Amino acid sequence: MAKTRLEFKDKTSQKFWEIDAKGSTINIQYGKLGTNGQTSVKTMASAEAAKKEMEKAIKSKLKKGYKKK
């Protein structure tokens, strides 16, 4: 699945969230816009499980007001 970048901007914050899956590994990078942010790595049982987890995380962020970039 392709890398997905989402951004959230309101009066008090401007932040980004990126997710990318390679095989069974999910890489998440997040933080304030204009910074490198922090990185989180999750290893799932399979590539299919990683894809499902990635889709679930994207839906969750979109519900919270993040927009695709």
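Strands β1 and β5 pair in the antiparallel sense over two bridges, where pairing requires that DSSP finds at least two bridges between two strands. Within this pairing, Leu-6 stands opposite Lys-68 of β5. The model is predicted, so that local features need pLDDT of at least 70 and side-chain atom pairs count only at pLDDT 80 or more, whereas totals for chains, interfaces and linings use all residues. Residues are numbered from 1 along each chain as its sequence is written, and side-chain values use heavy atoms, with hydrogens and water left out.

The protein chain contains one helix and five strands, these elements being DSSP runs numbered from the N terminus (helices, H or I, at least four residues; strands, E, at least two). Their order along the sequence is β-β-β-β-α-β. The radius of gyration of the chain, taken over C-alpha atoms, is 12 Å, close to the 11 Å that the globule rule gives for 69 residues, so the chain is as compact as a globular protein of that length. The globule rule is 2.2 Å times the number of residues to the power 0.38. Along its principal axes, the C-alpha trace spans about 40 × 25 × 15 Å.

Of the 69 residues, 26% count as buried; here buried means under 20% relative accessible area, exposed over 50%, and partly exposed in between (1.4 Å probe, protein chains only). The chain exposes about 4900 Å², of which carbon and sulfur atoms supply 49%. These areas come from the Shrake-Rupley method with a 1.4 Å probe; for residues, only the protein chains shown count as cover. Among contacts (heavy atoms within 4.5 Å) with a separation of 6 or more, residues 24 or more positions apart account for 37%.

The five strands form an open sheet in the order β4-β3-β2-β1-β5, with antiparallel pairing. Strands β4 and β5 are the edge strands, each pairing on one side only.

A search of the whole structure finds six salt bridges, each defined as a side-chain nitrogen of Lys or Arg within 4 Å of a carboxyl oxygen of Asp or Glu. Lys-3, Arg-5, Glu-7, Lys-9 and Glu-18 are linked in a network of such bridges. Lys-3 bridges to Glu-18, with the closest N and O atoms 3.7 Å apart. This pair links distant parts of the chain, since Lys-3 lies in the segment before β1 (4-9) and Glu-18 in strand β2 (residues 14-22), 15 residues apart. Lys-3 is exposed, with a relative accessible area of 55%, whereas Glu-18 is buried at 12%. Glu-7 forms a salt bridge with Arg-5 (3.2 Å, N to O) and another with Lys-9 (3.9 Å, N to O). Glu-7 counts as buried at 12% relative accessibility, Arg-5 is partly exposed at 27%, and Lys-9 is exposed at 51%.

The structure holds one aromatic pair. The rings of Phe-8 and Tyr-66 have their centres 5.4 Å apart and their planes at 40 degrees, so the pair is tilted. Rings of Phe, Tyr and Trp (its six-membered ring) pair if their centres lie within 6.5 Å; planes under 30 degrees apart count as stacked, over 60 as edge-to-face and the rest as tilted. Phe-8 belongs to strand β1 and Tyr-66 to the loop between α1 (47-63) and β5 (67-68), so that the pair links parts of the chain 58 residues apart. Both residues, Phe-8 and Tyr-66, are buried.

Ser-24 is placed in the loop between β2 and β3 and counts as partly exposed, at 24% relative accessibility. Leaving aside neighbours within four places in sequence, Ser-24 is in contact with Lys-42, Thr-43, Met-44, Ser-46, Ala-47 and Ala-50. By comparison, the C-alpha atoms of Ser-24 and Asn-36, twelve residues apart along the chain, are separated by 24 Å.
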